[in-house]
Amino acid sequence: MGKEYLGEFEELVLTMVAALQEDAYGAFIGSEIKTILKREVTLSAVHIALYRLEDKGYVKSKLGGATKERGGRRKRIFTITSAGMATLKSMKEARLNIWKLVPQLKIIG
Amino acid sequence: MNNENPITHPESALRILSWFCPRDMYEEIEGDLIQNYYEDARLLGAKKARQRMIWSAIRFCRPGILLRNSFSLQINKIDVLIHHLRLAIRIFLKDKFFSTLNVLGLSLGIAVSIVLFLILQYDLKYDQHYPNHERIYRLGAHVKAEGIDERTARSNRLLGEVLKEELPEVESVTRINILNRQGGLPVTTEVNGKELMFDEPSVFRTDSNYFKVFQHEFIAGDMNTCFKKPDEVVITASMAKRIFGDVEALGRTVRIGYYKQADKIWTISGVIKDFPENTHLKFNIIESGLEINDPPFHPNVDSINSEAFWDTQVYLYVLMSPAYTSDDFLNKWQAIDAKYFKPYGDKMAATYTPILQPLDDIHFHSDLQQDQPVGNMIYLYAFIGIGIFIVLLACINYMNLSTAKSSRRAPEIGMKKALGSGKQSLIISFLGESVLLSLISLMIAIVIVVLVLDTSSFNALVDRTLTFSLLSWPQLIMGVITITLGIGILSGLYPSLYLPAIPTISALKGTYRSGNSSHAFRKVLITVQFVISMLVIVCTIFMHNQLDFMRNKDMGYKKENIIVVKVMPTIQDHMPAIKDQFLNNPRIKSVGLSRSVLGWSSSFISGRDVLLTDSKEGVRQNTFNILEIDEDYFKTMNIQLIKGREFKPGLENDREGVFIVNQTASKLMGWSDDPIGKSLRTSKGEAIGEVVGLVKDFNYSSLHNAIEPLLLIKMPFVRGYVHIKVAGDHLPETIEHIRKTLTSFSSKFPFEYFFFDDRFNEQYQADDKQYKLISALSYVCIFISLLGLLGLAAFTATQRTKEIGIRKILGANVTKIIILLSKDVLILVLVSSLLVIPLSYWAIHEWLQNFAYQVSLDYLIYFLVTIVALFFVFLTILLQSYKTARSNPVDALKYE
């Protein structure tokens, strides 16, 4: 585990950033979460999570291209940093370890 | 995706966003919102999409975004504050029991403060609704001479003219006479062809300058012209409605008074808006024409009749010019005194000192004779005192509970300090907790206040109309917030200084126990609580005793089973026949008349006058109270005649020059106990009569006053009230007989009657109401104290769980343990009760100064109150400790 905990939602957003790569911006992350996890998220929650992650150094961001659908406004693309990747990995690992201890779910490996 | 977008996104959402979004992030968030909008519009339709966009924008208004705005310094402070707020809420919820106690106590404290604040507002704003009220004064006088020491609210009728002549600062003067000192005057008028007659309790007479001094709002008629013609009256709006309903009152005529007075026809020349409640001068009808009886006024020294100016007849109000001070007045008065008063004063060795009262002061600070009923400052001080007590109690509760729980919070505090919290920041966080609690209590308190004012009979209890309307007085909002913050900070002061000072290491180790010094201070606090509560209870009980005493004391005349009927003009001439008919009824024992009804209101005498007598030693003079009665009054009221004779029956007999005096009068005039045959005269020298009877002293005035010289004269014509002494049984039949008799002579007036003893207590009504209010407050005091006690007992029990466990193992039984736990507090109760004795003694005696007749205090009360207090304390501790004392000591010691 890293020095600071990540909240469940932050962890989720961080994972999405890692997954979506150059498409990792606020609105899209939100809609992907909605599609994949069937979970309603507000845009503000996503943005705040992203900013917090950036504060902690787990992601970095850059302004990207503007499109007509966005009324000509640019989007901010987030990319996961190595620190972020490390945190993510260790969190998933830790979770898996605890998971293995649950008697009902004998997951091998 | 179709790039044709028929409906564009709402700008309003973006505008909302711009209010709080930091510039750095603005663009991307905008873009996201717009993108989502079009997506939603495609799936759900434009309308839904708009809503969602606006909602999403609003949702961005949260600390995570707001604080990213570069406020530089402010970022830190707000963050810290919010953190503390969260912490405070968490702590509040952790200990729901204690928190509830605290909140309850604080809410009551704040609620009481708010109500008292409202009462203060109301009382101190008396008479302030008149424009120019700061410039209006009433002129009274302090007259001293042999046998006379009087502070009166009145002045001579010409004094106003004198002031205008001699003092240029005087803008206007007006005089008022109150015409209906006893009950009301009959008013007759014609409406729609029907003649209406009713009793009007409030009629004044004034001169044409009245509206120059007291500016009223006129609904009909005009301020400047309403008294230009003779025989005009102005009435209030509610009076107009009462008489004429919806018909226009202006221009109609009324007749007012008895006999010849009722022949005069008055024209209504104005209708004014009703008075607000808090004013000392309230009338329903005001007549013009006071100046008619003015003697001619010449400021020429030779023709000044100095003696006349000493005769005080009217209430004189003066409107001064803006730049004026009362010191100027007193300086200039010397000249006026020399010119108008001294000539006669020197002759009679008398002094006349003017008393100039600002209008705003009259209601509360006036202690003058012949005055309108006034409010009593003592009660106001008492309310404020008790209010402060209650707030103190609530604060002490909070302080006690917070510090008592300190051992629980020690680890948390130690942790905070170890992690680097400065002492200052800790202090602020604790203060913040108490202020937060205070604010929560404020909301509850407001609910309490509104409930009490709107739904209970509280307003009737205090005789005022109080409303909690924040909008009408900005001062109320200020006052309420100040009170709340004040209470919050006051209660939080001790804990916030005490808690951060807990030694860090023992706190972290978990071995911290509250030290002896904190114990001592807490004991002091509890003692203060007990003292306050017991003091309030004892004083309330004593007040009750005094009021009871006054209600039941023998006044020297009969109070029960006397029916009183007012004499209306229609039956005046038939009185002898009416009396005969009454006496035909075997249940009617006696019928007597008096111009006034004793004990009914503060002005129940017919007048006061200075009378003199000549004897070998010289002249003696005194101020007499005058009562007008008929020949049967003594018999009806069981008043005892000691010497001489009563008045003779028949209107022609004893009409003039025949007096009966009471023992006090007789003594003070130097006649000791035989005044029969002595004569009395006025200061001018005219002999006005001789004494034919001596009556035993009776309390014709309320027990506030000692018995003063009384002069009884026979009423020259029938007026006032018929007193009917009846047998105690079959009252409905007797009343029916009275009604039948009266209506057989005239049915113009509705038959109204009352029982003497019912009205009798009205003179103590003011005292009674104040008493009720104070006793209500004392209940609040007791309640809050009990809350504090409960909390402390609960806490102590849990604290000493281990100790109790050990004692049980060592063999103590439940009772012994409980006694042990309560010993400390019981001693405090005893100490408090000792302290209460001198305090309450002083307080009660101050209050009793109001009364010439005082009940003898029953000191057993102290004993009783102490016992009851001890009992309650014991019971409380018992309830809390019982569980612990009975529990298995193993459980208690398990957590070692």
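Predicted model: local features only at pLDDT ≥ 70, side-chain atom pairs only at ≥ 80, totals over all residues.
Q: What makes the packing of α15(B) and α17(B) oblique?
A: Their axes meet at about 140 degrees and lie 8 Å apart. Roughly antiparallel needs an angle over 145 and roughly perpendicular runs from 65 to 115, with the rest counted as oblique, so α15(B) is oblique to α17(B). As for handedness, α15(B) passes α17(B) in a right-handed crossing.

Q: Which residues of α15(B) meet α17(B)?
A: Contact here takes heavy atoms within 4.5 Å. On the α15(B) side you get I427(B), F430(B), L431(B), S434(B), V435(B), S438(B), L439(B) and L442(B). Their partners in α17(B) include V480(B), T484(B), I487(B), G488(B), G492(B) and S496(B).

Q: How do you know that the reach of α17(B) is close to the expected one?
A: Helix α17 of chain B covers residues 474–498, which is 25 residues.

Q: Where does α17(B) bend?
A: At G492(B), by about 40 degrees, with the proline P495(B) following within four residues. Both G492(B) and P495(B) are among the buried residues of α17(B).

Q: What makes a residue of α17(B) such as L476(B) "buried"?
A: The cut-off is under 20% relative accessible area. L476(B) is on the buried list for α17(B), along with G479(B), S491(B), Y494(B) and Y498(B), among others. Over in chain A, buried residues make up 41% of the 109 residues.

Note on methods. Residues numbered from 1 in each chain as written. Chains lettered and ligands numbered in written order. Heavy atoms only, no water. Helix = DSSP H or I, 4+ residues; strand = E, 2+ residues; numbered from the N terminus. Expected span 1.5 Å × (residues − 1). Bend = angle between axes of the 7 residues up to and from the residue. Buried < 20%, exposed > 50% of the residue type's maximum accessible area, 1.4 Å probe, protein only. Axes fitted to C-alpha atoms, helices over the stretch in contact; angles between N-to-C directions. Parallel < 35°, antiparallel > 145°, perpendicular 65-115°, else oblique. Left-handed = near helix turned anticlockwise from the far one by under 90°.
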